[in-house]
Amino acid sequence: MRIFAIRRRLMLAVMFSVAVVVLNLLTIRYLAAEDWENVNLWALAGHKIAVDPGHGGVDNGASGNGVVEKEVTLAIALKLADILRRYGAEVVLTRDSDTDYYTRGKGGKRNDLLTRVEMINSSGAEVFISIHVNSIRGSAAWSGAQVFYSPNLVANKPLAELVQRALKSFPPGNKHQAKQDKDILILNRTNIPGVLVETGFLSNPGEAARLVDAAYQQKLAEHIAKALAHHFSQNVGR
Ligand SMILES: [Zn+2]
């Protein structure tokens, strides 16, 4: 009897392990099967989205290899807004030119961000995307788009992971994971789901060159739009 009991336990353990492996394979297949080329962008129709091009005006943002962040964020955000509108979405941009909301004196930068937060919160949008570009002074090694989210709303994490998956080929082999960050004001103070996309690193010469390339910007914008379309098609009726 003891031998049978051990065998049964062993069998159960083996069956459990097999089930775990199969489930993992199915998950991997599901993730691999997310076909970003064929996402139906018409799922965007009728939805309202806020797009925030980071920095602007007096605030260049990060810089590297002769490129300033505020120009890249605006270029990508305008391309994203174009795509979203083309597929029937309503778009609210926090800025559509080289401008800022800084106030004079101390707290100027904070007031710029709080103005953007207020614009997003009062926009009636369902989600927002804040576009940024990273740079690490003195390091050319880092590259790749990364998505940040606040834990404030439960919808933020799945949205961030979705956008991150949509950006897995920026650049190809991009291994970054969506990351929680409690200290980003635009993510903390907004009251609708949203994420901040660091589209790449200006400190990396190759990536800086790609980020100013209109075709690369367009592809990036397309993939963010596809993630949003995917988000809305998953959340039908909510
Ligand atoms: Zn930035």
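The following legends describe close-up views of a predicted model.

**View 1. Two assigned domains of the chain.** The domain assignment divides the chain into domain 1, residues 1-33, and domain 2, residues 40-234. Taken over C-alpha atoms, the centres of domain 1 and domain 2 are separated by 41 Å.

**View 2. Packing of helix α4 against helix α7.** Helix α4 comprises residues 156-166 and helix α7 comprises residues 214-234. Their axes lie 8 Å apart and form an angle of about 140°. Angles over 145 degrees would count as roughly antiparallel; α4 and α7 are therefore classed as oblique to each other. The crossing of these two helices, α4 and α7, is right-handed. From α4, the contact involves Leu159, Leu162, Val163 and Ala166. From α7, His223, Ile224, Lys226, Ala227, His230 and His231 take part. Sorted by class, the contact of α4 with α7 contains 6 nonpolar, 3 polar and 1 charged residues.

**View 3. Packing of helix α2 against helix α7.** Helix α2 runs through residues 69-86 and packs with α7 at an angle of about 50°, the two axes being 8 Å apart. The helices α2 and α7 are therefore oblique to each other, and their crossing is right-handed. On the α2 side, the residues in contact are Ala75, Ile76, Lys79, Leu80, Ile83 and Leu84. These meet Gln217, Gln218, Leu220, Ala221, Glu222, Ile224 and Ala225 of α7. The contact of α2 with α7 has 9 nonpolar, 2 polar and 2 charged residues. Ile224 of α7 is listed in the contact with α2 and also in the contact with α4.

**View 4. A cis peptide bond at Pro171.** The bond from Phe170 to Pro171 is cis, and its omega is near -5°. Pro171 is located in the loop that joins α4 to β7, a strand of residues 179-180. Most peptide bonds are trans.

**View 5. Backbone of His55 with a positive phi.** His55 has phi near 65°, a positive value in a residue other than glycine. Most residues other than glycine have a negative phi. His55 is placed in the loop between β1, residues 48-53, and β2, residues 63-64.

How values were computed: Residues numbered from 1 in each chain as written. Predicted model: local features only at pLDDT ≥ 70, side-chain atom pairs only at ≥ 80, totals over all residues. Domains from an automatic or database assignment. Axes fitted to C-alpha atoms, helices over the stretch in contact; angles between N-to-C directions. Helix = DSSP H or I, 4+ residues; strand = E, 2+ residues; numbered from the N terminus. Parallel < 35°, antiparallel > 145°, perpendicular 65-115°, else oblique. Left-handed = near helix turned anticlockwise from the far one by under 90°. Contact = placed C-beta atoms within 7 Å. Nonpolar A, V, L, I, M, F, W, Y, C, P; charged D, E, K, R; others polar.
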